[in-house]
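These are my notebook entries on one structure. I looked up a few items and wrote down what I found.

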Amino acid sequence: MNVLQNNQDAVNATLLVTVTPADYNPAVEKAIKDYRKKAQMPGFRPGTVPASLIKKRFGTSFLAEEVNKLISEALYKHITDNKIDILGEPLPTVGYQTPELIEGNEFAFSFDIAIAPALDLELTKKDKLTYYKIDVDKKMIDQQTASYRGRFGKYVKAEKTEDKDVIKGNLVELDEKGNVKEGGVSVEDAMVSPTYMRNADEQKKCAGKKIGESFDFNPAKAFDSSEVELASLLKIEKEAAKNFKSDVRFTIKEITRYEQAEMNQEFFDNCFGKDAVKSAEEFEARIKADLEKQFVSDSDIKFILDMKALVIKGLKNVKFPEDFLKRWLKETNKDMTDEKIAAEFSKLLDDLKWQLYTDKTAKAANVKVEEADVKAVAKRQALAQFAQYGMLSVPDDIIDNYVKEMLANKDGKKTATERAFENKVMDVLKEKVTISDKTVSFEEFNKFFS
């Protein structure tokens, strides 16, 4: 068996694989012999079918299977032995006549390969990047504080209604003259909350009312004719709610209000653990520190994108085997059309440049990702997810269990491993360039992604 490489240019080549009878005969004969042991044909006992009959009926199939196997092995060995960094996979050469498989003949197959281009870019201290840090201002601290106080607050009874209260009472339907309608809708212990009323005029009607007082309002206007909300409030079917346009009178029996937690030691302990924080000043400092940690991952993502842009710009003149790559994308992905490839190819090339450059950097620096690195990334991802829900202080055992479940998932572990690898490569690249820190507001930072 022989493999002959013919380079068209620096990034395109063909591999001509020649398979001789001496290469495939032993394997074909063995396949026939193994099949004969279990073959069953009319007129013959199992294992007694003549090899010649099996060869006549199935020989071409065995030949094709073994030749394909030999070709695959030959291609892999040639690429590995010659340390060829290929892109994609070898593809049959367009226009090359595939030989007819006839036993005893020599067969030659031609394949196109794409060779990864040499990347000569070397970043230096002359290359400058900015690392953007998000300023945690008083407004953000106050918002997070309010979130904590809301989470650890409690329901209390009130004497006079406010917008966010839940008002409980008796509801009766009124006629056109404003009197209680005979046989109309009547609900005991109905519940409304002004904050959910979408009509401001109707909302005002229940403001500042005390227990025992009544107010008239129009539910259809208040809830913008929402069938679900009207049916729930009036205890009627949705079909009936469609046509309900009457005013109602609501007599207040009870007012419930959710009060935020007080800023005291019990609250501090609930948020961060026993005696971890002992004053309002320490509480705000802890909130600020936690938010700053949370935003590090956002700053890192922005920096990675800027580093990627710097690398891609430095590789703008690198030649890629574009025709091959377009063909490979189309042949290996049934959803890839010419139109889709044309629209996405520029971005695909940029991603490929970044991937090749980071791989080269990792190899040169002998970057290795350990299990501890993957767990650390998964933990940061877990903390970030909890932080999205305003949970900046989560017990270690909950985080550990969350990380364990994340890494038990194949996709979750793959994502964490890729991020750990990227982080290590970024550490190497950061040492090569000049980095200046800049603090910006949260609003300014978000404009980078708009």
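How many bridges join S3 to strand S4, residues 107–115? I found 4 bridges, and S3 and S4 run antiparallel. The model is predicted, so I note its limits: local features need pLDDT of at least 70, side-chain atom pairs count only at pLDDT 80 or more, and totals for chains, interfaces and linings use all residues. Residues are numbered from 1 along each chain as its sequence is written, and side-chain values use heavy atoms, with hydrogens and water left out.

**Entry: the sheet**

I looked up the terms before going on. Helices (H or I, at least four residues) and strands (E, at least two) are DSSP runs, numbered from the N terminus. Two strands count as a pair if DSSP finds at least two bridges between them. Strands of a sheet pair through backbone hydrogen bonds, either parallel or antiparallel.

I traced an open sheet of 4 strands in the order S1-S2-S4-S3, and its pairing is antiparallel. Strand S1 (2–7) and strand S3 (86–92) are the edge strands, since each pairs on one side only. On average, neighbouring strands of this sheet are turned by 25° against each other, direction ignored. For such angles, axes are lines fitted to C-alpha atoms (for helices over the stretch in contact), and angles run from 0 to 180 degrees between N-to-C directions.

I then checked single bridges. Pro92 has Phe111 in S4 as its bridge partner. S2 and S4 are antiparallel too, joined by 8 bridges. Ala13 has Ile113 in S4 as its bridge partner.

Is S4 mostly covered or mostly open? I found 8 of its 9 residues buried. Buried means under 20% relative accessible area, exposed over 50%, and partly exposed in between (1.4 Å probe, protein chains only).

Helix H10 (residues 322–332) lies across strand S2 (12–19), S3 and S4, and runs at about 70° to S3. Contact here means heavy atoms within 4.5 Å.

**Entry: salt bridges**

I searched the whole structure and found 27 salt bridges. A salt bridge is a side-chain nitrogen of Lys or Arg within 4 Å of a carboxyl oxygen of Asp or Glu.

Asp437 and Lys133 form one of them, at 3.5 Å from N to O. This pair links distant parts of the chain: Asp437 is in strand S11 (residues 434–440) and Lys133 in strand S5 (residues 128–134), 304 residues apart. Asp437 is exposed because its relative accessibility is 53%. Lys133, at 39%, counts as partly exposed.

Which side chain meets Lys308 in a salt bridge? It is Asp351, at 2.7 Å from N to O. Lys347 and Asp351 are separated by about one helical turn because they are 4 residues apart in helix H11. Lys347 is exposed at 55%, while Asp351 is partly exposed at 25%.

I also noted a network of salt bridges that links Asp112, Arg327 and Glu331.

**Entry: two more places**

Ala200 is in helix H4 (residues 200–204). Its relative accessibility is 47%, so Ala200 counts as partly exposed. From Ala200 to Val374 I noted 174 residues in sequence and 52 Å in space, C-alpha to C-alpha.

Phe449 lies in the segment after helix H15 (442–447) and is partly exposed, with a relative accessible area of 43%.
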